[in-house]
Every structure is written in C-alpha cells, then in structure tokens.
Amino acid sequence: MNLRLATTVFVACIALVPNVSCGQDNPPTSDSSATEESVEKSPNAIRVASFNVSLYGKKAGEVAERLLAGDDSQATDLATVIQAVRPDILLLCEIDHDADGRTLDAFADGYLANGDAAIDYPYRWSIPTNTGLLGKLDLDSDGDVELPTDAHGFGQYPGQYAMAILSRFEIDRDAIRTFQTFRWSTMPDALKPVDPVTGRSYYSDTVWQSLRLSSKNHADVPILIPTSQSEASAGNGNSNPQALHLLASHPTPPVFDGKEDRNGKRNHDEIRFWNEYISKPDAEWIIDDSGTVGGLQSDSAADAMFVIAGDLNSDPKQGDSLRSGIANLISNPRVQDAMPTSSQHGISTAKFGRNEIRVDYVLPSSNLHVLRSAVVWPDAKTDLGKRVRATDHRMVWIDIERPSPQ
C-alpha cells in the first residue's frame, strides 16, 4: 500500500489580479475576466515548480513511442496544467530517461510547445537515474541478480521513474554536480538497515559497501538567471547572471519493505543528504560523480541561492516515513518553507487512495524573497480540475523575486 504523503494548493490568482501575464509568450486571455486556468505572475518573478507527471511505462521506449505519436491523452492533460501555470523552471519527476533525451523532447516539443497556450523551454536536461540500472548486487538475497529488485533503484527497465528539467533560462552544464554513484555507507551516521529480530544487518557487508544512496539521482543544477527582465524577455545573454542552484531528487517511497525499514531509512538519508549538502561546503565525505569534494559550492557558500525540489516522498506530520528527515530539512536555517497550499486541499500535494499528503516540495533558500506559492489542485468540476487527474500528484510552485545585479 502506497502511503506517501502529499499536500496540494491551488490559488486562483486571477481573482486577485485582473490583468494576467502568463509568461514569456503571453497566450490569449480574456480582457475583462480571468479563470482559474490562468495564474498571474509578476514580471519581476521567477516561477519554480516541481511536478510528478507519472510518465512511465512497462518497458523501455514505450513512453517515447506514445508521445511521438502526438495524441497521448495523458501527456495532453499534463501539458495543459503546465501551460496554465507556466513555470520558468520546472522539475519533472517520473518521466523516462533516455540517453538522447527523446522522451523529454517529445513531451516538450510535441505537447508543451503546441496549442494556443504554447510554451517553449529551450533549455532541457533529462537526468540520468539509478532506477532500473542493474549492478552486480543481489540486493534481495534470492540468489539471482535481476530487475527490478536488484537495480540500484527500483525499476522495471533502465530510465524508468527518472527526472528532467525544463527551463526558460540557460542551464550551466559545466557546473552541474550529480551524486548518482554516491555510496550510502559513506554518509556519516547512515541509517544502516538492521533486522530488529536478529540484530543483524539486512545487507551483507559487500552489498552495504556498494549500495548507492540515491534511488534515482541527486543533482545540483545551476541555472543562470538574468538580473534584468528586459534581457530575459529579449532572450539575450546577461553580463552577470546569478546562479540559482536547483537541487533535484526523488527519494524512494518509505514503504514496500519489512521491519528492517530499509526503504524508510533510505528515504530519510536521501532527504538528509540535502540538509548536509547545503550546510557543509567543506565536508570531505561529500564527493560527486566527477570527484569534486564538498557541499554546495559558490563564491561564498553562505550566499548561494538554491531551491530544493522534487517528490521527496515524506510528510513531516503524517505517513510511514521517518519524518525527522524532512522535518530537519524544513527547519534548517538556510531553508524557508513557503507552505504552498490550495483552497480545497491545504498543503497536500498528492492523493493515494483516500490519503491526501504532502510529498512534493519547492523549498527555497532563506536568502530568496518568496512572492507567492501554490499547489495546483483546482475544483474537480473545472476543466483544469479534470486535467490534473492525469497523475496522482499535483504541481507545486513558488514565485521568487528576480535576483539583483551584483
């Protein structure tokens, strides 16, 4: 049973602001009134969002083929939601990864960039993932090494349940840091799963020393934000853009295990990784996939701007996760929780069966000025309310003030 927590909030911004700006390409809206399908954004705001879109299949290539056909109903509904909210920077969770970015491009070009409300994301990155990536470890001790149970991250095929980034602003590719191969055992005070009956480690020493922390990936993705609205609108480069670090991850659900709570402990430590990363720039145990040592890097680590985003699969107040992980992250003095909400569902961002919980986050650094935030969970009777049911998660977004020139 999937009891991940989620919270959702939709703000009908248009009721408050009659003149609606819908982003860089301004799709048509009514002159006299606005609907909940449009979300006003200040020209000086940068909108950052996270959305678990559930675009995965049963075998590799299946989703790409569906999208390339051009008439996929789920993708159409998801695109309608994204076009309505119009994030400048969007993290997608649970979208297939392929080395050539075929699935992501098919979604961005074939659905988001089409229609009266078309929106273009010139900068994209399909993030490599541990899901469905088979190593040489018999993780479940059944004598065989096979998918999905023996993958570095649970998956029926390589690339399933991956993440991707869509951005209006340039992604600083050379400065990206990933932690796909980071080993769980190297984290200080790692919550090593132990059988509570026998007191023995759930994993053999060989497995424990090799097991990766991230069930998908942990990625620090610097995005270059123009400090001038005119330059951003014109699409010109900026002589001194400010880097906004998008810290993206999708920790494993804290369920589908036994009394050893191996998934719950992994979820906790996947979340704790960001808590350590933003707090300890000199930590020698934090080593990325290229061998660079230390936590969040910048000219001055204390001044680094970041947003922690993703389906973190943990609610600080309810559910089956070890809640201290997300609670400690939210209470970190370098983090602020804008508490995005919707009018009918509060801060819940997902619904599993009858359970509404908060699992999806966009947590900005405390040195950013948050202007607005919301969870996109409109009335089920509206057109947009019907579209959001394409996934069991709801988009969560924040508007932050554009950084000033240095």
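**Salt bridges, helix faces and a buried arginine**

The side chains of Asp-269 and Arg-272 meet in a salt bridge, at 3.4 Å from N to O; a salt bridge here is a side-chain nitrogen of Lys or Arg within 4 Å of a carboxyl oxygen of Asp or Glu. Asp-269 and Arg-272 are three residues apart in helix α6, so about one helical turn separates them. An α-helix has 3.6 residues a turn, so residues three or four places apart point the same way. Both Asp-269 and Arg-272 are buried, where buried means under 20% relative accessible area, exposed over 50%, and partly exposed in between (1.4 Å probe, protein chains only).

The model is a predicted one, in which local features need pLDDT of at least 70 and side-chain atom pairs count only at pLDDT 80 or more, while totals for chains, interfaces and linings use all residues. Residues are numbered from 1 along each chain as its sequence is written, and side-chain values use heavy atoms, with hydrogens and water left out.

The protein has eight helices and 13 strands; helices (H or I, at least four residues) and strands (E, at least two) are DSSP runs, numbered from the N terminus. Of its 406 residues, 56% are buried. Among contacts with a separation of 6 or more, 76% are between residues 24 or more positions apart, a contact being heavy atoms within 4.5 Å.

The salt bridges number 16 by the rule above. In one of them, Arg-387 pairs with Asp-77, and the closest N and O atoms are 2.8 Å apart. This pair links distant parts of the chain, with Arg-387 in helix α8 (residues 383-387) and Asp-77 in helix α2, 310 residues apart. Arg-387 is partly exposed, with a relative accessible area of 22%.

Another salt bridge joins Arg-124 to Asp-109, with the closest N and O atoms 2.6 Å apart. Here strand β3 holds Arg-124 and helix α3 holds Asp-109, 15 residues apart. Arg-124 counts as buried at 15% relative accessibility, whereas Asp-109 is partly exposed at 40%. Both belong to a network of salt bridges that links Asp-105, Asp-109, Asp-120 and Arg-124.

Helix α3 (residues 102-112) also has buried residues: Thr-103, Leu-104, Ala-106, Phe-107, Ala-108, Tyr-111 and Leu-112. They pack against several elements, among them β1 (45-55), α1 (62-68), α2 (73-85) and β3 (123-127).

In helix α7 (residues 324-331), the buried residues are Gly-325, Ile-326, Leu-329 and Ile-330. Seen down the axis of α7, they fall within an arc of 125 degrees, so they line one face of the helix; the arc is that of the directions from the helix axis to the C-beta atoms. Their cover includes α6 (262-279), β8 (305-311) and β11 (360-364).

Strand β5 (residues 177-178) contains Arg-177, which is buried with a relative accessible area of 6%. The side chain of Arg-177 reaches the backbone oxygen of Gly-294 at 2.9 Å, and that of Gly-295 at 2.9 Å. Not counting residues up to four places away in sequence, Arg-177 touches residues including His-218, Asp-220, Tyr-277, Asp-288 and Gln-297.

Leu-134, Val-145 and Leu-147 make a nonpolar surface patch of about 210 Å². Patches are made of residues with over 30% relative accessible area and no salt bridge, with like charges joined within 9 Å and nonpolar side chains (Val, Leu, Ile, Met, Phe, Trp, Tyr) within 5 Å. Val-145 lies in the loop between β3 and β4 and is partly exposed, with a relative accessible area of 37%.

Notes: Areas by Shrake-Rupley, 256 points an atom, 1.4 Å probe, with all protein chains shown as cover. Polar contact = N/O pair within 3.5 Å; in protein donor to acceptor, adjacent residues only side chain to side chain.
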